[in-house]
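Biologist: I am new to reading protein models. Could you walk me through one, feature by feature?

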Amino acid sequence: SALTYLSKKSAPMLFITSSYKRFSAGKNEVITKYKQWNIPVDELHFEQSPLTFWYFHPWFSPTVNKIDDFITRLIEM
């Protein structure tokens with residue numbers, strides 16, 4: 001599990017997930033740990049989306065915008 005490798009020195013993380021639950025396994029546990037350690041973490045979730053949703057309308061623009069926002073916030077820290 002990726003949870004094994006988390007530490008207070010882990011890099012910030014942005015989760016972008018679809019309605020496929022198997023690709024989000026462990027996400028909530030990582031978010032909980034990151035918040036405990038005050039490591040930047042955020043998520044963007046799309047229900048009713050295909051597996052490769054980030055390539056297509058209407059999900060492409062919100063995905064790019066969320067990534068840009070997340071990186072901008074990291075730079076401003």
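**A buried lysine and its partners**

Modeller: Start with Lys-27, which is buried at a relative accessible area of 11%. Buried means under 20% relative accessible area, exposed means over 50%, and partly exposed lies in between (1.4 Å probe, protein chains only).

Biologist: What should I know about the model before I go on?

Modeller: This is a predicted model, so local features need pLDDT of at least 70, side-chain atom pairs count only at pLDDT 80 or more, and totals for chains, interfaces and linings use all residues. Residues are numbered from 1 along each chain as its sequence is written, and side-chain values use heavy atoms, with hydrogens and water left out.

Biologist: How many helices and strands does the chain have?

Modeller: Helices (H or I, at least four residues) and strands (E, at least two) are DSSP runs, numbered from the N terminus. Here there are two helices and two strands. From the N terminus on, their order is β-α-β-α.

Biologist: Where is Lys-27 placed, and which residues does Lys-27 touch?

Modeller: Contact means heavy atoms within 4.5 Å. Lys-27 sits in helix α1. Leaving aside residues up to four places away in sequence, Lys-27 touches Phe-15, Thr-17 and Glu-43.

Biologist: How do I read a salt bridge?

Modeller: Look for a side-chain nitrogen of Lys or Arg within 4 Å of a carboxyl oxygen of Asp or Glu. The whole structure holds five salt bridges. Lys-27 forms one with Glu-43, and their closest N and O atoms are 2.6 Å apart. This pair links distant parts of the chain: Lys-27 in helix α1 and Glu-43 in strand β2, 16 residues apart. Glu-43 is partly exposed, with a relative accessible area of 34%.

Biologist: Which residues join Asp-42 in one network of salt bridges?

Modeller: Take the pairs in turn. Asp-42 and Lys-66 meet through their side chains in a salt bridge (3.0 Å, N to O). That pair also links distant parts of the chain, with Asp-42 in strand β2 and Lys-66 in helix α2, 24 residues apart. Lys-66 counts as buried, at 18% relative accessibility.

Arg-73 forms a salt bridge with Asp-42 too, with the closest N and O atoms 2.8 Å apart. Arg-73 is in helix α2 and Asp-42 in strand β2, 31 residues apart. Arg-73 counts as partly exposed, at 35% relative accessibility. Salt bridges with shared partners join Asp-42, Lys-66, Asp-69 and Arg-73 into one network.

Biologist: Now the inside. Which residues make up the largest nonpolar core?

Modeller: A nonpolar core is a set of buried Ala, Val, Leu, Ile, Met, Phe, Trp, Tyr and Cys residues joined through side-chain atoms within 4.5 Å. The largest one has seven residues: Leu-6, Phe-15, Val-30, Ile-31, Tyr-34, Ile-39 and Val-41. Helix α1 (residues 27-36) gives the most to this core, with three residues. Follow Val-30. Not counting residues up to four places away in sequence, Val-30 touches Leu-3, Leu-6, Met-13 and Phe-15.

Biologist: How do I read a pair of aromatic rings?

Modeller: Such a pair is described by the distance of the centres and the angle of the planes. Rings of Phe, Tyr and Trp (its six-membered ring) pair if their centres lie within 6.5 Å; planes under 30 degrees apart count as stacked, over 60 as edge-to-face and the rest as tilted. A search of the whole structure finds four aromatic pairs. Trp-54 and Tyr-55 have ring centres 5.7 Å apart and planes at 50°, so the pair is tilted.

Biologist: Are these two residues buried, partly exposed or exposed?

Modeller: Trp-54 is partly exposed, at a relative accessible area of 34%. Tyr-55 is exposed, at 57%. Both belong to one aromatic cluster, formed by Phe-46, Phe-53, Trp-54, Tyr-55 and Phe-56.

Biologist: Which residues form a nonpolar patch on the surface?

Modeller: Patches are made of residues with over 30% relative accessible area and no salt bridge: like charges are joined within 9 Å, nonpolar side chains (Val, Leu, Ile, Met, Phe, Trp, Tyr) within 5 Å. Areas come from the Shrake-Rupley method with a 1.4 Å probe; for residues, only the protein chains shown count as cover. Tyr-20, Phe-23 and Leu-51 form such a patch, with about 270 Å² of accessible area together. Leu-51 lies in the loop between β2 (41-45) and α2 (60-76).
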